Amino acid sequence: MDFYKLRVHFIGIGGIGVSGLARFLKAQGAIISGSDIMDTSITQALRNEGININIPHNKEVIADKDLIIHSAIIKDSNIEVIESKRLHKQLLSRKEALKILLSKKKVLSICAAHGKSSTSAILAAILPHSGAIIGAISKEFQSNVRVSKDELLVFEADESDKSFLNSNPYKSIVINAEAEHLESYDNDFMKLQDAYLAFMQQSRHVILNMQCQVLQHLYARLKNANFNEVGEITCLYPDNDIRNITYELKDLLPYTTFNLKDLGDFSVYGIGYHNAINASIAILSAIDLLPLEEIKKNLLAFKGIKKRFDILQNLGENTPCIIDDYAHHPTEIIATLEATKKYAELLRAQNVLKKDSNNTYKITAIFQPHKYSRLRDNLEAFCQCFRGCDSLVILPVWAAGEEPIAFDFASLFSEYKPIFANKIKRDKDKILLLDSNDRTIEVLQEGIIIGLGAGDITYQLRGEK
């Protein structure tokens, strides 16, 4: 399909994945428009890039469009979907559109339950000549899309709606797999694993993190299917392949240095064992595409991604450190809090605070649960995953369209003696905890404050909501 001058409208354009496709098509000469239910920083940025955005949805905008693409959460009852069908417009889901949009690219397709955005951004930094479509904002190029005429495309694939199967993988890069998003797989974990296997079998080269037990089983199935006769498999065994991990601060920003296999030392922005794993997967994915020394140099261009250990404010004598992190699953929360503790140790070792300072290195976690179903399916793990913080604040569940489920949070999380707030508010260099009447119940103004969640907590932390 030729997209030049094609009038393409995106329903639900405010989503990070859909906004990425919109930017990708705009770069190919398509005339892009979009709609969503509310304005966000993403829709505002798209407007600034010359894309016409309608808030809220409006069926009148459909009449002159050639192609309509909608996000996975858009229902058949949406007025723009109904109008598109009435006018017999070409209407595609994001998943259906991917097969067309990526068909002519050599796609380095990264998939995982956790870590795929960071790994995608790291790989994009290593391969600066490639295009990129990532599920987060890369601080390196200040977008979730990097336009390039190169045939290589770094793409963050999504297993939640099976769309990774339409990503045309030249390389299938898998960091881990867990029992997430099972609603798309008839609540059958084996069907999700079958989909991962199909994703791998589509490619010419598979890169796997063998620390993950699920991937160990899938590796055996892939070998039994004689994949080696038609493709290549590269395995990372983190406990053996990643050695001599050290952490340091550069201008209060964390860096991880490690030795990988027989390839030498590498340094990457970020902190934590999981950060070394993500970087190692990216390096092994690029090792046949660039000289080793170029990979090492380009890796230093990675500056992190928005909402992943995103340091919004540094620790000072009179100011708390404020960090925004997307972690919304127990596995992610544990890894993030471990990284936060290491970061606190580095700050303490560097004597960032004077001995007589009233500030501290105390870690306060603000948790906004994401989806009732995720809480229900991982409840025991959620109750245990906050042992890496000194204080816990719990916000209401971000439902993401789900029907409420009753949980006795006070009892379930009693060991942490949590503070319950209705929302938070950024007040210059402090964080206010507010009740349902917008009254301040506590002020957080010292130590390290880290927000955890995939809902609107990121906007609250930044003072944008």
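The model is predicted. Seven strands make up an open sheet with mixed pairing. Elsewhere in this briefing, strand β24 has five of its five residues buried. S117 is a buried residue of helix α5.

**The open sheet**
- The strand order is β8-β7-β9-β6-β10-β11-β12.
- β8 (143-146) and β12 (232-236) stand at the edges. Each has a single partner strand, so one side of each lacks a neighbour in the sheet.
- On average, neighbouring strands are turned by 15° against each other, direction ignored.
- β11 (residues 205-209) and β12 run parallel and are joined by five bridges.
- Strands of a sheet pair through backbone hydrogen bonds, in either the parallel or the antiparallel sense.

**Helices on the sheet**
- Helix α1 (residues 16-27) packs on the sheet and touches β7 (131-138) and β8. The direction of α1 makes about 35° with that of β8.
- Helix α6 (residues 189-201) also packs on the sheet. This helix touches β6 (106-111), β10 (169-174) and β11. The direction of α6 makes about 140° with that of β10.

**Strand β24**
- β24 spans residues 448-452. Five of its five residues are buried, so the strand is largely enclosed by the rest of the structure.
- Both faces of β24 are covered. I448, I450 and L452 are buried on one side. I449 and G451 are buried on the other.
- β17 (residues 321-325) pairs with β24 in the parallel sense, over five bridges. Here D325 stands opposite L452.
- β18 (residues 363-367) also pairs with β24 in the parallel sense, over five bridges. Here T364 stands opposite I449.

- S117 lies in helix α5, which covers residues 116-126.
- S117 has 5% relative accessibility. Buried means under 20%, so S117 counts as buried.
- The S117 side chain makes a polar contact with the E156 side chain, at 2.8 Å.
- Apart from neighbours within four places in sequence, S117 is in contact with I134, G135, A136, E156, I305 and R308.
- Among these contacts, I134, G135 and A136 fall in β7 (131-138).

Note on methods: Residues numbered from 1 in each chain as written. Predicted model: local features only at pLDDT ≥ 70, side-chain atom pairs only at ≥ 80, totals over all residues. Heavy atoms only, no water. Helix = DSSP H or I, 4+ residues; strand = E, 2+ residues; numbered from the N terminus. Buried < 20%, exposed > 50% of the residue type's maximum accessible area, 1.4 Å probe, protein only. Polar contact = N/O pair within 3.5 Å; in protein donor to acceptor, adjacent residues only side chain to side chain. Contact = heavy atoms within 4.5 Å. Pairing = 2+ DSSP bridges. Axes fitted to C-alpha atoms, helices over the stretch in contact; angles between N-to-C directions.
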